[in-house]
Structures are given as C-alpha cells and as structure tokens.
Amino acid sequence: MYYIGLMSGTSLDGLDIAIVHADSMRSHYCTTVPMPGDLKCAIEAIYLGQATNLRQIGELDHRIALHYAQAINQTLKAAQVSADNVSAIGSHGQTVYHQPEGPWPFTMQLGDANIVAARTGIPVAADFRRMDMAVGGQGAPLVPAFHQAMFAGCQHRAIINIGGIANITVLKPQQATLGYDTGPGNMLMNEWIEKQKGIQYDESGNWAASGRPCEPLVQELLLHRYFAANPPKSTGRELFNLTWLTPYLDQYPQLSPADIQASLLELTSRSITLSLEQQQIEAAYLCGGGCHNHALVRRLKAHNPKVSIATTQALGIDPDYVEAIAFAWLAKQRVGQEAANLPVVTGANSAVILGGLYRASANSTRK
C-alpha cells in the first residue's frame, strides 16, 4: 500500500507529488507538476493583497482542487499505481494567508479536499494546520515532526528547507526537537528576478553571483523584529514581500538590480546562519528548491566553515520531495489517529491529531 503527499509552497513553482510506501515512508515515485500560469496569477493576487471577494476565493478553492486531482491521476498513471492501493492523500493545500499571531489568529489553505477525494476516488487528509492553532499553536511548521521521525541521529544536526520561506529543524540527541521559520528563502529573490527579468527564478543563483551584496542594506533588513524573535515563530509572504522591501530599496538608488538580488541572497544565507550559530549545529542537510541555488549554498558554507553542509540525499531522501513525503506521513498519522504536531515547535498546548479526513463516496468518478 501507498500514501501520497502533495506540497505546493509559497514559491508557487509547482505541485510536488510523492507516492511513498506505507511501511517505510520511502518514495516509490516523485514528480513536480507545474502550476498553470493563470492559476499562479490568481493565487499571487491574494498573496499580494489585491482586492478580492468570497466568490473569487471560492472559485479559486475549486480550481486548485481540480488541478490537484488531475495531477494526482496523471501521476498514478505514470507510476503504474492503482488508486485502490493508496490508503490516503495528504494535501497541504495552497496557503493564501497565514496570520499566526494577534487577537484573531488564522491560517487559510485552498484546494477543496472533497473535490480531490471525489475526482481521485482516494481518501484525502487535509486542513492540518488549524487544529494546532485551535490548541494555541502557530499551525506551522509541521514538518519538523516528520524530520524527527526520519532523520534523528547522533549528531547535532539541522534539516533546513529552503522554499519560498526557509525553515530549520534542530535535532539533538536526548533533547527536544526545535523547529521554526528562519525568514525568507527563495521568495524575495524569485519576486525580484521576475519583476526585473520576467523569469521565475534565478537558476543556480547566477544572477545574484554577478552582483555585489550591499552590506548596509542587508544589515537594515536583518533588523526586522522577526529575526530577533524567539521561537515558536512562523512567517510567510504576508510579511516578507516586495511591498515590504521597496522602502528599503528606495534608500539605495545606486544599487543595480543584480546587486539587489545579491543582497537578497545574502539576507537568506545570513538569517539561516543566525539559527545555525545559535543552535550550535555540527551538520546541516538542505532540502527544497534553494538547495539548487549554488550561489546560496556557497554563501552558507562561507558563513559556516565548521558546519558540514550537504543535502538530505545524504540521508536517503531526495531533497526536492522531503516536504511532499512529509505530508504523506501526516496523512498516515491522520488515518492512524496519531498526534502529529510538536508542541515545543508550534507553541501548541498539547499534541493533537491533525487534519480532517475526506472520504470518497462509492459513486465518485475519477477524472
């Protein structure tokens, strides 16, 4: 039997799908399905605070779910796996807003799990974050529980996922697992290069490497209260975006676009380094799209000469699909009615079963 994990993060570069073996949680087949351009634009519009209404949100919820279902069915066919052999799908959903603090904390992920279940004929575990928030947590990050289950060892090691937002899991023998968002990952770099060059990401970090980081700008950005805050903490595009960045850039009109890209890369590397230094890490294992940014990896190694830095491939899991596999694991936890959050990570009052389980009816039609 298998579980399927779905992950679409804040970078909006595609839907990661992992079909994993139910017993070992090791991958059987993984792929990334690109996000359709019109769907990406509609999601970005909500991210960037453009005016919307309930009808638009409801329609987007439906459209994302149809995209998920179609992608799953195509992947099952390519992997030669029958839907009847899949115990459940774990769907992260597409985050469009995450507000973990304040008097009315909430998080919103779109991609109607009912539609995914109906169109695939497979039960779907989804809406993982809100139960953690209901018991006082931030609803994120959730993946450290999976990292603990799969990667704990004898080292003081860190798992660093560099997606749109970067997050760290700290694994130390005989100590509680820690995990939190360190700050921007690829997100600001992606937005800047798309604005300047009309392309979605800086391949290998080559454009950033062609510029020179502006140290005063980087230092100003690092003064943001988020970086000094103690965990538990989580963040997203609601806080770190080009609207937030623009007033800082206005103070440095002499900088070239490449210099700004280099400065944003430096912001990511330095904010991750702050956590590596604070946690006295011996070895760091990278995953997510940022591990392919060679310029970023070089800066991380330069800032952390005493830390062994590799990807999670060294631990036996493809760095591109760690988070998708994690949501397959979360689906397994939900089906087995096992708690899946780490209160020390999210700030929740207790460990709880996460997510709802949406079962396909006997009359469901796979499309």
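Modeller: One aromatic cluster is formed by Tyr226, Phe227, Phe240, Trp244 and Tyr248. This is a predicted model, in which local features need pLDDT of at least 70 and side-chain atom pairs count only at pLDDT 80 or more, while totals for chains, interfaces and linings use all residues. Residues are numbered from 1 along each chain as its sequence is written, and side-chain values use heavy atoms, with hydrogens and water left out.

Colleague: What makes the charged end of Lys233 count as sitting over the ring of Tyr226?

Modeller: The criterion asks for NZ of Lys or CZ of Arg within 6 Å of the ring centre and within 35 degrees of the ring normal; the charged end of Lys233 is 4.5 Å from the centre of the Tyr226 ring and is assigned as sitting over it.

Colleague: Why is the pair of Phe146 and Trp329 called tilted?

Modeller: Rings of Phe, Tyr and Trp (its six-membered ring) pair if their centres lie within 6.5 Å, and planes under 30 degrees apart count as stacked, over 60 as edge-to-face and the rest as tilted. Here the centres are 6.1 Å apart and the planes are at 55°, so the pair of Phe146 and Trp329 is tilted.

Colleague: How do you know whether Phe146 is buried or exposed?

Modeller: Buried means under 20% relative accessible area, exposed over 50%, and partly exposed in between (1.4 Å probe, protein chains only); Phe146, at 1%, is therefore buried, and Trp329, at 10%, is buried too.
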